[in-house]
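Please keep the structure in view while reading.

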Amino acid sequence: MPAPTLRQLTGVFFRIGNTTFGGGLPTIAALQRELVEQHEWLSPEDYALAFSLARITPGTNVIAFCAAAGARIMGLRGALAGVLAETAPSAVLAVRMT
């Protein structure tokens with residue numbers, strides 16, 4: 001499979017991150033289906049590495065996973081896209097609701 005554009009990668013993180021319920025692990029599992037199985041942008045080994053690193057970092061595991069997976073796919077731009085697409089919509093909603 002060809003490498004994704006930044007827009008495609010951001011779209012996957014945005015869609016999965018903001019429509020998956022149940023916390024970080026279901027979101028990470030849905031991202032595995034998209035990134036590894038459907039689009040083949042990550043190898044199973046790279047997915048396992050990103051998942052392992054996310055589990056040992058302090059803080060929210062899903063954010064760490066999005067940063068690691070995005071970085072593996074597109075470097076720093078991918079990491080920023082993954083984290084922002086995952087967190088920005090809910091953060092804006094939370095701020096607007098207060």
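## A nonpolar surface patch

Patches are made of residues with over 30% relative accessible area and no salt bridge, and nonpolar side chains are joined into one patch within 5 Å. In this model, which is predicted, Leu49, Leu53 and Ile56 form such a nonpolar patch on the surface, and together they have about 300 Å² of accessible area.

Leucine 53 belongs to helix α3, which covers residues 44–56. With a relative accessibility of 41%, leucine 53 counts as partly exposed, because that class lies between the limits of under 20% for buried and over 50% for exposed.

## The aromatic cluster

How many aromatic pairs does a search of the whole structure find? The search of the whole structure finds two aromatic pairs. In one of them, tyrosine 47 and phenylalanine 51 are stacked, with 6.2 Å from centre to centre and 15 degrees between the planes. These two residues are four apart in helix α3, so about one helical turn separates tyrosine 47 from phenylalanine 51. Tyrosine 47 has a relative accessible area of 11% and is therefore buried, whereas phenylalanine 51, with a relative accessible area of 26%, is partly exposed.

The rings of tyrosine 47 and phenylalanine 65 also pair, and this pair is edge-to-face because the planes stand at 65 degrees, with the ring centres 5.4 Å apart. Since tyrosine 47 lies in helix α3 and phenylalanine 65 in helix α4, the pair ties together parts that are 18 residues apart in sequence. Tyrosine 47 and phenylalanine 65 are both buried. Through these ring pairs, Tyr47, Phe51 and Phe65 are linked into a cluster.

## Salt bridges between helices

Side chains of opposite charge can pair when their charged atoms come close. A search of the whole structure finds two salt bridges. In one of them, the side chains of arginine 15 and glutamate 34 meet at 3.0 Å, N to O. This pair links distant parts of the chain, with arginine 15 in helix α1 (residues 6–19) and glutamate 34 in helix α2 (residues 24–38), 19 residues apart. Are the two partners buried or exposed, or do they fall in between? Arginine 15 is partly exposed, with a relative accessible area of 39%, while glutamate 34 is buried, with a relative accessible area of 7%.

The side chains of arginine 72 and aspartate 46 also meet in a salt bridge, at 3.1 Å, N to O. Because arginine 72 lies in helix α4 and aspartate 46 in helix α3, this pair ties together parts that are 26 residues apart in sequence.

## The kinked helix α4

Helix α4 comprises residues 61–97, and it spans only 25 Å between its end C-alpha atoms, whereas a straight helix of 37 residues would span 54 Å at 1.5 Å a residue. A kink of about 145 degrees is present in α4, and this kink is centred on methionine 74.

## Loops and C-alpha separations

Which residue other than glycine has a positive phi, near 55 degrees? Glutamate 40 has this positive value, and its place is in the loop between α2 and α3. Threonine 60 is found in the loop between α3 and α4, and at 46% relative accessibility threonine 60 counts as partly exposed.

Two C-alpha separations complete the description. Threonine 60 and valine 92 are 32 residues apart along the chain, and their C-alpha atoms are separated by 18 Å. For arginine 15 and alanine 30, which are 15 residues apart along the chain, the C-alpha atoms are separated by 10 Å.

How values were computed
Residues numbered from 1 in each chain as written. Predicted model: local features only at pLDDT ≥ 70, side-chain atom pairs only at ≥ 80, totals over all residues. Heavy atoms only, no water. Patch = residues over 30% accessible without salt bridge, like charges linked within 9 Å, V, L, I, M, F, W, Y side chains within 5 Å. Areas by Shrake-Rupley, 256 points an atom, 1.4 Å probe, with all protein chains shown as cover. Salt bridge = Lys/Arg side-chain N within 4 Å of Asp/Glu carboxyl O. Buried < 20%, exposed > 50% of the residue type's maximum accessible area, 1.4 Å probe, protein only. Expected span 1.5 Å × (residues − 1). Bend = angle between axes of the 7 residues up to and from the residue. Phe/Tyr/Trp six-rings, centres within 6.5 Å; stacked < 30°, edge-to-face > 60°.
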